[in-house]
Amino acid sequence: MARPRTRPASLLAQILNDHAYPVYAIDQNQQLAFLNDACRRALGDGADELLGMKCRYHAAGQLPPRQQQAADLAPPPDVFSGQRMEVPLTLPSGDGRSSVFSVQFSPLQYEGGAFGALAICYPQVGAGEGTQADQRHDQLRVWRRSWRKRFATSRLIGESESISRVRRQIALSSTTRLPVVIFGPAGSGREHAARTVCYALHGEGSGPVISIRGELMDAELIQSAVRSFVRRCKEADDASNAALILLDADQLPGDAQSELFHLLRLIDMDLRIVSTARQSLLEVAEHGKFREDLAFQLSTIEIALPPLCDRPEDIPLLSQALIEQHNLEGARQLRGLTEHAADALLDYDWPGNIDELAAVIAEAAAATDSVWVDAEHLPKKIRHAREAKRFSAKPAEPIQLDAFLSQVEEELIRRALEQTKGNKSKAAELLSVSRARLHRRLEASESDAEVADG
C-alpha cells in the first residue's frame, strides 16, 4: 500500500513548531496566525488567546493587556510592503523576566499581492540592532512594561532626570490621599498627570472622579457641583477612592475660592483632591492672587512639570509614542521618524510643549505617504526653525584695527615697490610719504619677519 503523503502545510508547521527559538506568523490582515511552542513559552499562559488578534505597530501601552501583547509582536510596517527586516524585540519570559531577541521578519505574499510576515527570533548577540526608530519602538515596549502597572504612560515618557522625578512623585502621590497640585506651562500635560495620580493605584477599579474647570466656576456652581458629587457617591455607596480634579485652580474666582475652602471643611468624606495650575498655588498666594489658606490646603504635595524645551532628550521617544498612537487610530501603520526628522524636532523650541508636539506629529503623519515621517513632512514652522538656526549669524569677531591697518600698509608698499621695480625713492613718492618713513616701515616689517622665523 502506498504511504500517504504528508500535506506540505502541516509539514512546514511541524518544522517551525520544533524550532528551538520563538517563531510566529502574521497573515495578510495583520492578524496573528501561528505561534510555535517556543513562542508560547516566551509569551506565557494564555498565549493562544492572541491568535486572530491584530498586530498593530504600537508599543506605548494604551491597549488592553492581551491586545497590547499582540501589538508587541508587530513587525515594522515595511514588512507588509514586501521588505525583509531584522529588528530587536524584547519578549517576556515564562518566569516573569524578559528576553531580548533579534527578529528576522520575512514577508509572506498572499494571492492578490497582500503580504503577511514570518518572524523567527534569535537571542540577540549584537547583530540586527535595527534603526534608531526600531530601537525607540523596543525601548517603549520595555519602558511600558516597567511602568504600566503603576500609572498611565502616554505623556510621561522619557529618560531625562526631570521627567523621571515627576514619575517618582506621581508614584508616591498615588499611594496617598493627600492633596496634590500639579503645575507647569500650557501644553505640558497637567490634566493627564492629574488623572494619572487618580487612576495609578487602582486603574479601572478606582473610585468615582469628577473634574471641575476653575475658570468656569463661581461660588454657586462649585457648591452645587461638589455637593452633588459627594451625595451621589454616598447614595451609591461608592465613596471609596473618590477624587475631585480641580483643573486650572489658579483661575478660580475669589468667591469660588472662599466657597471651596469652607466646603472642603464640611465634607465628611475622604475625598482626594488633585489640582492643576500654571504655577505653584503657594507662589500665586504670595502675590495676593489666591486665597492663602486654600493654597496651603490644596498643596500638601507639589509636582512641577518641566517644559519640553528643558528635556530635549525625551523628544524622539515621545514622538515615537505619538506616532504609534496614530497607528491605533488608523489602518495605515507608520514605523517612526527618520533621523533627519528627529534632528529637526530637536531644533525647535516647543512653546506649546507636548500638546504642540502631538499636533505636529499628527500633521506629519497625515502628510507622509510612506511608513516613515521625514523632515519634509513636518510643518513649515519646524523646518523654518531649523533653517533659522543653521543660518543664524555668528557672533562678530573683534577687529584688531592696528594689525589690520598694518597689513593694508604692507600690501600698499609691496605694490608700490613692484610698480617702481624696487626704487624706494619713487615708491615713497607714489605713496605720498617721505623716503625716511618708507625705510622705517620696511625695517619694521623685516624685524617682525625675523621674530616670526625665530
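1. A quick definition before the comments: a residue counts as buried under 20% relative accessible area, exposed over 50%, and partly exposed in between. Keep in mind that this is a predicted model.

2. Leu 405 sits in helix H15, which covers residues 401–419. Together with Phe 404, Val 408 and Leu 412, Leu 405 makes up a nonpolar surface patch with about 350 Å² of accessible area in total.

3. Leu 260, at a relative accessible area of 2%, is buried. Leu 260 belongs to helix H8 (residues 254–266). Once residues up to four places away in sequence are set aside, Leu 260 touches Ile 222, Leu 246, Leu 252 and Leu 294. Asp 218 is 42 residues away from Leu 260 in sequence, yet their C-alpha atoms are 9.9 Å apart.

4. The largest nonpolar core has 32 residues, and the members touching the most others are Val 226, Ile 267, Leu 281, Phe 290 and Leu 298. Contributors of at least two residues each include strands E6 (180–183) and E7 (209–213), along with helix H7 (219–235), H8 and helix H10 (292–298). There is also a second, separate core of 29 residues, with Leu 140, Ile 354, Ala 364 and Ala 365 among them.

5. Leu 281 deserves a look of its own.

Notes
Residues numbered from 1 in each chain as written. Predicted model: local features only at pLDDT ≥ 70, side-chain atom pairs only at ≥ 80, totals over all residues. Heavy atoms only, no water. Patch = residues over 30% accessible without salt bridge, like charges linked within 9 Å, V, L, I, M, F, W, Y side chains within 5 Å. Areas by Shrake-Rupley, 256 points an atom, 1.4 Å probe, with all protein chains shown as cover. Salt bridge = Lys/Arg side-chain N within 4 Å of Asp/Glu carboxyl O. Helix = DSSP H or I, 4+ residues; strand = E, 2+ residues; numbered from the N terminus. Buried < 20%, exposed > 50% of the residue type's maximum accessible area, 1.4 Å probe, protein only. Contact = heavy atoms within 4.5 Å. Core = buried A, V, L, I, M, F, W, Y, C linked by side-chain atoms within 4.5 Å.
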